[in-house]
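Here is a short report on a protein model. Have the sequence and the 3D view ready as you read.

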Amino acid sequence: SAYAGALPHRLFKHPPQDGGSVVDSRLARSILSALHVSKPHLADTAFWQSLDVREGKGPLTWLDLSGLALYLREKFRAMDSLGTLPPALRAHLDRRDAENRVRVAAISEEFQNLNRLLAGAGIEHAVLKGFALLPDYCPDLALRAQYDLDYLIRPASRDLAARVLQKAGYRWKNTRDRQADVYYLPQPSLRIANGSAVFYSACLSRPVELHHGLWDRAEERIRINLPEDLLERALRRRWQGLEFAVLSDEDGLLFQVLHVFRHILRNWCRLSSFLEIALFLERRFSDTAFWKRFNDRISKLRWLPEITGVVFNLASSLFGARIPPQVEAQTAPVLSSLLTRWVENYGKNLALENFQCDKYSLFLHREFLEEPADWARIRRRRLFPFRLPSRLPGATYEDGASSLKKVWRQCLHASRRLKFHAASDLRFVREYPRWLRTRSVLLTGAARRGAAPRSLTALPTTCSTPETGP
């Protein structure tokens, strides 16, 4: 079914939310410490042995949703410490690793076919995410749970690409995304046991996203004018016999930063995205020539230094990545005290929940909006989303699920979404006055020092009469 083909796309971009914490703080700290990119430290054996690792419960579900499960297993394997894990947890991780390797093999075959289709039709393209992350962001594709295949193409090639894919059996999928056309291969209706283990199944098809831009200005209301020479600067890369085009190293990092930032604003960003950026920062830390090119690339782009500073600071605080001094010198002067305070007060805790449990990312979003009308629109849409929740994909139902049970589960899903919005809106309303006071104090201090940050010059900065409500 169409929903089966879109399962991971729908679940990971619109995950179930109920507003509650999904991870124990000690567990989160221990996992972040184990995945520290320069000085990993594994918790004591007694701690790992005490974990409750039942399927669909506790740490295992959190590891799957955050994208860290396979990275954590690899860290224990590399440090010859898999034996310190409780047998149940190790068995779960081993099974996920084995299933994901089968999935990666299937993805690689489909990826090769897609590359041939696009190249054969003369469609200029570059791979985004996935294979493009090798090796700087991810040393082995089998460590990532990949859910779609993304390409950047020219807007003028959209119609040709649609004909090529539809001739090859792909179907167009109607989505709200203005920056990408989504296609999928129809499959027989799947009935896979519900739970986070389904995310590694090779049976699930991969949506194909053809992007004709890297930023949706209309959706986010943030005006970023990106360079138009991205495809001209593309490079060729090889991996296990495959050859494909990717963005240049500088443009690839620029895209990753924007991709993570967009997901932060949309309240769903997997923790593994920050780990991958942290791995890149650590791997390329001493490459001064690269960082000079990257600085030159973003210095003339509106908002990119500020956005880069936010994303890099989160990657550093979560996984210990060292930010190259050349980048700090570029981003520190334009990274306002407000953005830094948001990272400190909210960013790290929100990241531990994959940004899905609260709407405090609205505070961050506001600082990049230049018109009060845009802020009012974004705030209203995010706090009061007057539309029905996405239908659950058919593949999430257990074997033999009846029609009545499907209706019941869809109603339960809708009620959980309603509960999430009600609870997170209430927390937002309670926290908003505190953030306004913080914002007012920081803006006043910046004005007295004569150092109003660039990121706030287009916003109302009257501090004596702050807003009093959301």
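Which residues of H5 are buried?

## Helix H5

This is a predicted model. The buried residues of H5 are Pro-59, Leu-60, Thr-61, Trp-62, Leu-63, Asp-64, Leu-65 and Ser-66. That is eight of the nine residues in the helix, which spans 58-66, so H5 is largely enclosed by the rest of the structure. Gly-67 follows H5 and has a positive phi, near 80 degrees.

## Nonpolar cores

The largest nonpolar core holds 109 residues. Trp-48, Leu-271, Phe-274, Phe-312, Phe-319 and Trp-342 touch the most other members. Leaving aside neighbours within four places in sequence, Phe-319 is in contact with Leu-32, Leu-35, His-36, Val-37, Leu-68, Leu-271, Phe-274, Leu-275 and Ala-278. Another core, of 26 residues, lies apart from the largest one; among its members are Ala-161, Tyr-183, Val-208 and Phe-244.

## Salt bridges

The whole structure has 38 salt bridges. One of them pairs Asp-94 with Arg-73 at 2.7 Å, N to O. Asp-94 sits in helix H7 and Arg-73 in helix H6, 21 residues apart. Asp-94 is partly exposed at 26% relative accessibility, whereas Arg-73 is buried at 13%.

Arg-297 and Asp-229 also meet at 2.7 Å, N to O. Arg-297 belongs to helix H12, and Asp-229 to the loop between helix H9 and strand S6, 68 residues apart. Arg-297 is buried at 14%; Asp-229 is partly exposed at 27%.

Glu-431 bridges to Arg-434, with the closest N and O atoms 3.4 Å apart. Both lie in helix H18, three residues apart, about one turn of the helix. Glu-431 is buried at 12%, and Arg-434 is partly exposed at 49%. Elsewhere, shared partners join Arg-73, Arg-90, Asp-94, Asp-97, Arg-101 and Asp-140 into one salt-bridge network.

Conventions. Residues are numbered from 1 along each chain as its sequence is written. This is a predicted model: local features need pLDDT of at least 70, side-chain atom pairs count only at pLDDT 80 or more; totals for chains, interfaces and linings use all residues. Side-chain values use heavy atoms; hydrogens and water are left out. Buried means under 20% relative accessible area, exposed over 50%, partly exposed in between (1.4 Å probe, protein chains only). Helices (H or I, at least four residues) and strands (E, at least two) are DSSP runs, numbered from the N terminus. A nonpolar core is a set of buried Ala, Val, Leu, Ile, Met, Phe, Trp, Tyr and Cys residues joined through side-chain atoms within 4.5 Å. Contact means heavy atoms within 4.5 Å. A salt bridge is a side-chain nitrogen of Lys or Arg within 4 Å of a carboxyl oxygen of Asp or Glu.
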